[in-house]
Structures are given as structure tokens and as C-alpha cells.
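Please open the model in the viewer and keep the selection tool at hand.

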Amino acid sequence: ITSGRGQKTAVIDRLGNHSFQAFSDEINRFANALKEIGIQQEQRIVLCLNDTIDFPICFLGAIKAGVIPVPINTRFTESDYAFILDDSRAVALIVSDDLLAPFERHLERHPALKSIIVSGGNSKAHLNLSDLTKDQSPEFTAVETSSDDMCFWLYTSGTTGMPKGTVHLHGNLRATAELYAKETIGIREDDIMFSAAKLFFAYGLGNGLTFPFSVGATVILLEGPPAPDSVCDILKTHRPTIFYGVPTLFAMLLASDLLPERGAHNLRYCTSAGEALPADLLARWQKQMGVDILDGIGSTEMLHIFLSNRPGDVRPGSTGKPVKGYDIRLTGDDGLPVPQGEMGALEISGPSSALMYWNRREKSLETFHGPWTRAGDKYYQDEEGYFIYCGRTDDMLKVGGIYVSPFEVEAALIEHEAVLEVAVIGKADSDQLIKPRAVIVVNHTDFDAEILAEELKQFVKERLAAFKYPRWIEFVDELPKTATGKIQRFKLRAPS
């Protein structure tokens, strides 16, 4: 990992700058510590860690020791954590001090769990990470593994219900770094990278760990939530060259009036994933910041982005074209490919696909079909080969016998100056026929809800076919989201 750059800064976090040499030494110390406390190759350890240097140390140290790290969402509930510890049969939990409380009440109920290791703080009841590693050797020879060995698991972020343990192989990390990070968006050793998406998320894991270390670049880690003030401070102070975000955050940043001026940042470009990027949001970002957002789509199952815009080839309103090394097909309800221009279910074949969902045979069979992985998204491909997002398969609305993309309605609504965020879902009318319903966060507090709702309905009618306009509009203070910024539409659909 050092490769002649031992004194170069690898990681910047709340504690300061960490060189590649110091980082490499700590990875080896952690690998030795795992061996000392009796954790064996192929056993699982759960990582519930904030974004500090301890995360990549533990993640890469475990892999080097042949142990399988299982990073998990730091905003899951106590019941989620209990489920994951049981489901994974983890033998150890490595947890940040401020995240320990939701585990404390059920730690004794997991028979496989032997060690609890705390990062930060001075826990008296459990092992401390710094104490465990400080006297270990900075030398460690990686255990022998193959590209097809299990390497790490990621639990899905819960946009459609209970998280599922997604099993990834050793070869998957390299594939995403080579084919997306290097080949598609052109990361370089002199880049300084900052990801608002957290490391426990597949998108953030690539952005903030795999990608920078694959080329010897520097990464900035933000321990707390990516609030506009924190993000803008990093853009101004540390001047990253690549910023990885999500559409919701880009909208919040534009609304915050905290962004640096064009000449006061060092960005080459930004990337976006998690949800499709509205064309209007892209245009506003380009105008204010003078740089592109490269919109793409990835998934926990595929580990990172497989369909993307790229530098010099940004098509507003599209998710771009396939990343080199990945094949894309769109299928109809009969499972057969649809003609170009028609909407179909997105399926991907590529070298970073997960092996399966752990202990979820039925769900695995639904998603993984030989070399093809079903993404759960609807797309169509235009005449120039760009892929256009139409919504999640389970979010699609059939209005008057015609499929309506919620995203298309959302994209129209977001163009209105009063709309900050929006989610469109289906609702049955008095005849039990499904029509669009919009749930909206406005960007100011001084408005008449009834007047604005009628204005927005007319606004959509002027831009889309009349049957697509939202019959109901509800204004809320915030939309339910995962920790990675994805809107949880299933919660909006649930009866209150």
C-alpha cells in the first residue's frame, strides 16, 4: 500500500493527517491483533464504525488476515443490529464508542460473539482498539486467498425492508477500482477525494477506501453527518479534487448559500449515485460551481457504479452508458429483452457482482440469475445509447393502464423554485384506481399550502402528459431516508 509513497498523506480525518506508512503499519497491527485473540480465517467480524482512519484499518486488516469484515449502517436500529449479529454469526464486534449503546442490551444473546472491541473512548467493560493494537508488530504477511474467496459482506441499506447480507468476493474490489474509478472517471494519484456517502455503504466504500488507495491518492473522512456546513467547510479548507455525493445532498448544498465560489474550490468534477440526478439539479450545480456531476447507478449487489456519465460525456437526465467490462440488458415482464426505446427492468452482468444474499436463498434466486443481476430499476435506452431512469420496479405506477415513472413526475416538480425535495408514490382514489401522490419538502416556510399545491399540479400538467400530474400533494418537513440519502418510499406508502 505504501509503494514508495510512505510519507505522503493517505487519510485526513478529525485527528489530522495520516501517512501511507503509518496507515500500513496500523493495518498490519490490527491483522496481528485478530490472530492473537483467536479470530480465524473466514470468520466474520462486524464493523460499526464512524468514518475515521479506524474504519479502513479494520476493514483492510481483517481482509489481510483472511477474516471477513461486515461493515454495517451506523444509523440502523437496535433490532437491526441484533438481527445482523445473529444472521452473520459474527465472532467479534468492532464499534465506535459513541455507537456502542444500541448493542449493550443484547450482547449476551449472541452465542457466536466472543469479542467486543471499542474504537475511541475508554471502555472498561470491553477491549479498546488502541490497547489491542499498540504492542503488535507492524509486519504481517497476508494470508493466502484467491479472487473467488469470500472477502467481505455488506448489508443492504433497507429501502425495501429488512437488510440482507450481500456476500462479496476478493476480486470485486479490484474490479470496481479498475473499471469505474480508473477507466471511466479517471482518478489519479494527485487527487484528493471526499465522499459524503459513508464507508459502510457500497458507494462510499469505493469512493473513500478502494479508489484512493488503488492509486495512492489522499482521502478526506468526515466522522459526522454530511450536513451542508460540514461539507462546504471541507470543500473550502481541504480543497478536494473529487467530491462524491447524492442528489439530495447536492440540492441541500445549493439551497444552503454556503458553497464556495467558483474560484474558491479545487473540484475537477463530482459524482452522484443512490438515486437518479434530475437534469434541473445538474444544470443549477454546473451554473453555480462550474463543474459537472457525473451521475451513475450502482447497487450493494454490484458493489459500485456500472452505468455512468463520464468526463466530457454528460447527458442531463440520463444515467449515461455502461462502464467498461459490464453488460446491461433491459427485460420485459416475460423476461425477454425489450426493443431499444422501450422501458424494461435493468439487469447487469459484470465482474463485481455479489455471490448471494447470506441465508436468503429465495431472495438470492430472485436477484441473481447466472451472470445476470437484477437491479430492481426500470430504464429505457434512447437512440444514442444513453440509459434513462424511469423509477424502481416496485415504485412504478400504472395510471389508466399506462406505466408512469415516479421519477419523471419528481423531475418535473423539482424544476419549480419552491420545491427542495420530492417523492412521488401511488395512491388509490375513491374508485380504487392508482394515481400519483407527491410528498414535498419546500425550500421556505412562508407559503399557502392550498395555493402552492394547485400551482404545482398545473406546473406538472404543462410539462408532462396530463394523466401524470399528482392528484394529491402533501407538504412535510422531511422525507424518510436511509443513512445514505435514499428516499424510503415504502415508508411513505405504509398506512399511517
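Select helix H1 (20-36), helix H2 (54-64), helix H6 (170-182) and helix H7 (202-215): each supplies at least two residues of the lining of the second largest pocket. Helices here are DSSP runs of H or I with at least four residues, numbered from the N terminus. This is a predicted model, in which local features need pLDDT of at least 70 and side-chain atom pairs pLDDT 80 or more, while totals for chains, interfaces and linings use all residues. Residues are numbered from 1 along each chain, and side-chain values use heavy atoms, without hydrogens and water.

Keep H6 highlighted, for H6 gives the most to this lining, with seven residues. A pocket is an open set of points on a 1 Å grid with protein on both sides within 12 Å along at least five of seven lines, and lining residues have an atom within 4 Å of a point. Next, select Leu60, Ile63, Leu173, Arg174 and Phe213, which lie nearest the centre among the 22 lining residues.

Move to helix H8 (residues 228-237) and helix H9 (residues 247-256), whose axes, lines fitted to C-alpha atoms over the stretch in contact, come within 10 Å and cross at roughly 80°. H8 and H9 are therefore roughly perpendicular, a term for angles of 65 to 115 degrees. Show Pro228, Val231 and Cys232 in H8, which meet Leu249, Met252, Leu253 and Ser256 in H9; contact means heavy atoms within 4.5 Å.

On the H10 side, select Leu281, Arg284, Trp285 and Gln288, which meet H9 residues including Phe250 and Leu254.

Notes. 1 Å grid on protein atoms, 1.4 Å probe; cavity = no way out; pocket = protein on both sides within 12 Å on 5 of 7 lines; lining within 4 Å. Axes fitted to C-alpha atoms, helices over the stretch in contact; angles between N-to-C directions. Parallel < 35°, antiparallel > 145°, perpendicular 65-115°, else oblique.
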